[in-house]
Every structure is written in structure tokens, then in C-alpha cells.
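Please look over the sequence and the model shown here before reading on. The briefing that follows is arranged by topic.

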Amino acid sequence: MTDRRSFLKHLGVGALSVSVFPAFATSTFSAATHTNKKLFFNISLAEWSLHKTLFGGKLDNLDFPETAAKKFGIYAVEYVNQFFKDKAKDKKYLADLNQRATDNGVKNVLIMIDGEGPLGSTNEKERKEAVENHYKWVEAAKFLGCHAIRVNAAGEGTPEEVKAAAIDGLGRLSEFAASYGISVIVENHGGISSHGDWLSAVLRGVGRKNCGSLPDFGNFYEYDRYQGVKDLMPLAKGVSAKSNVFDENGNESNIDYRKMLQIVKDAGYTGYIGIEYEGEQLSEEEGILATKRLLERVGAEIS
């Protein structure tokens, strides 16, 4: 426990779980991270950062906006459809969710979509079904005031085969989404999509203004992560700040945030950067706050 307290002290997080004192968590941690220098980006919270809490039944999707605001001092959120999978067409539910966000001064940024089929399937029927499965989430995003849905460019086949299929699937979905003023943004999310050069070529092949990228700092495996973000930033309509492990100075141990944020800044990006903590070392609450502090500190230094 002594080592953990010392470690958390370095992070500026504190040894107690945030859930113990939600009423003043925001003011406590905001004061510690406050800077008078305006960041070149805005911070949002990806709901996946709390996936253990949500799957464990300790938090409901409807309470996510309030949690973001009151526990973490974050006033923009990125939903994950897994946590309200059967509610895409439920206008009463969506109205309630929207009202809760409004009541807490929270901006609904986007919805991350999984489990609706491979948009890069080389089987035309399967690809068409996947495109149509996403329609309801485009409509839900519009209802909630989001600017985008995040999708995946998955498919089976050679890189060139999946590329051609993904261009078609994303193109069809983007055409539908354009009529709602919604962007379709693709994350490097495993497989060939985690190759920045491949994914950027797909998006350029789609060639639609409302189809872009969501570079995730962490989802590059055999591909260089910094090159991957460079590849995708010219097309970025969102950015995901993945974090897993922190050192005693509060830096992400495997990702150079200064280097990443400089790449983001050099691309002229000024939108939202979403916190997505996936680590085991800290609790979800502590990990979110550690990532927020890191973004604020490094962001202020290079802004």
C-alpha cells in the first residue's frame, strides 16, 4: 500500500477511489491540473474508459454524462453503443440521455459503434447488411447532437480486397450519413486497419468530406504508432488518447504523449481528444484522471 500511495502521489491522483468522494472530486482534481494557458484541443471522455464499471452494473449509460462532469470535470463525452445496444431507435431513452447531458453542461461528441457487421466485408450481401445496420446509429447520433459515429473498417481477404470493399461500404454509409449532417470516422482498430498507410488510403479512396479518421494512440501493433498517427491526422475528425500504464512522473510508459500531441498540433487539429484508459495498474477512475492530467500538462507545454 505504501508503494501505491507513493505512486499515486506522483500522479497527483490520491490514494482513495474517486467513488468515495464524488461530490468534490471535480474541484479537487481540476484545481491540481488547472492552467491559465488555453489548450489547442478540447478534452472528451470515451465511455470505454469505464467499461468495467458499466459491465459490472455499477454505472448505467444514462448516468455517464453526469459522471463525466461531476467526477472528472470533463464536459464532452463519447458513447459506446454496447452500453445501450437496444436503444438506438428508442426516442424516449435518447431524449432522457440527451436531457441528462444538457442538465450537466455536457456535449455529446460521438457514438462508437461495434457489433453491427463488417463494413469491409468482401461479401457484398454481408457488407450491405452492415451498412444498413449502421443507419439507426447515424439517426441516434443526430438525435443526440453528436457530430459523428465511429466505425470499423473490418473485413476478411487480402489488403487490396478489403480496401476495395471498405471503400464501398464506408462510401455508402457516408452518403447516408451526409443527409443527417453526421460524419463517419474510422479508428485504427486492429488487423489491417491498424496500418496507418492502408487506412488513410481507404479514406482517401472514399473521398467524402464527412468520412475521416479517428487516430488512436495505442491501437498500432506491428506498425509504428507515431507514423500511424501522422498518416491519419490529415483526415482526422477525432483523436483517441489511449493510456494503459504510467510511470512515477505521470507519463504514459509506452506512448510519448509530447511527441503524439505535437503530431496532432502540427496537423492543425483543434477538436476533441478523447481519454480512453484501458490499464490494469490504476482503477478506471484513477486512470482517467491520470490521463487528463497528462493531456493538460503536455498540452499546455506545447500550446
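In the protein chain, residues 24 or more positions apart account for 78% of the contacts with a separation of 6 or more, where contact means heavy atoms within 4.5 Å. The chain has 12 helices and eight strands, these being DSSP runs numbered from the N terminus, with helices (H or I) of at least four residues and strands (E) of at least two. Buried residues make up 55% of the 303 residues in the protein chain; buried means under 20% relative accessible area, exposed means over 50%, and partly exposed lies in between, with a 1.4 Å probe and protein chains only.

This is a predicted model, in which local features need pLDDT of at least 70 and side-chain atom pairs count only at pLDDT 80 or more, while totals for chains, interfaces and linings use all residues. Residues are numbered from 1 along each chain as its sequence is written, and side-chain values use heavy atoms, with hydrogens and water left out.

- Helix α5 covers residues 91–103, and its 13 residues, at 1.5 Å a residue, should span 18 Å, which agrees with the 18 Å between its end C-alpha atoms; the expected span is 1.5 Å times one less than the number of residues.
- The buried residues of α5 are Y93, L94, L97 and A101. Seen down the axis of α5, these buried residues fall within an arc of 95°, so they line one face of the helix, the arc being that of the directions from the helix axis to the C-beta atoms.
- The buried residues of α5 pack against α4 (64–72), β2 (76–80), β3 (107–112) and α7 (135–144), whereas K92, T102 and D103 are exposed on the other side of the helix.
- At the N-terminal end, D90 caps α5 through a side-chain oxygen that lies 3.2 Å from the backbone nitrogen of K92.
- After α5 comes G105, whose phi is positive, near 65°.

**D103, an exposed residue of α5**

- D103, which has its place in helix α5, is exposed because its relative accessible area is 57%.
- The side chain of D103 makes a polar contact with the side chain of Q99 at 2.8 Å; a polar contact is a pair of N or O atoms within 3.5 Å, of which, within protein, one must be able to donate a hydrogen and the other to accept it, and residues adjacent in sequence count only if both atoms are side-chain atoms.
- D103 and E66 are 37 residues apart along the chain, and their C-alpha atoms are separated by 8.3 Å.

**Helices α9 and α10**

- Two packed helices are described by the angle between their axes and the distance between the axes.
- The axes of α9 (residues 196–206) and α10 (residues 225–232) come within 8 Å and cross at roughly 10°; axes are lines fitted to C-alpha atoms, for helices over the stretch in contact, and angles run from 0 to 180 degrees between N-to-C directions.
- That crossing angle makes α9 roughly parallel to α10, since angles under 35 degrees count as roughly parallel, over 145 as roughly antiparallel, 65 to 115 as roughly perpendicular and the rest as oblique.
- The contact is made by G196, D197, L199 and S200 of α9 together with G228, D231 and L232 of α10.
- Helix α10 is mostly covered, as six of its eight residues are buried, namely R225, Y226, G228, V229, D231 and L232. These buried residues pack against α9, β6 and α11 (257–266).
- At the start of α10, a side-chain oxygen of D224 reaches to within 3.2 Å of the backbone nitrogen of Y226.

**Buried positions in strands and a loop**

- S213 lies in strand β6 (residues 211–214) and counts as buried because its relative accessibility is 0%. Its side chain reaches the backbone nitrogen of A236 at 3.2 Å, and, beyond residues up to four places away in sequence, S213 touches several residues, including L203, L232 and A236.
- A241 is found in strand β7 (residues 239–243) and is buried, with a relative accessible area of 0%. The C-alpha atoms of A241 and I273 are separated by 6.3 Å, although the two are 32 residues apart along the chain.
- Leaving aside neighbours within four places in sequence, A241 is in contact with F217, Y257, I273, G274, I275, E276, T291 and L295.
- N81, in the loop between β2 and α5, counts as buried at 0% relative accessibility. Not counting residues up to four places away in sequence, N81 touches I111, M112, I113, D114, E116 and W137.
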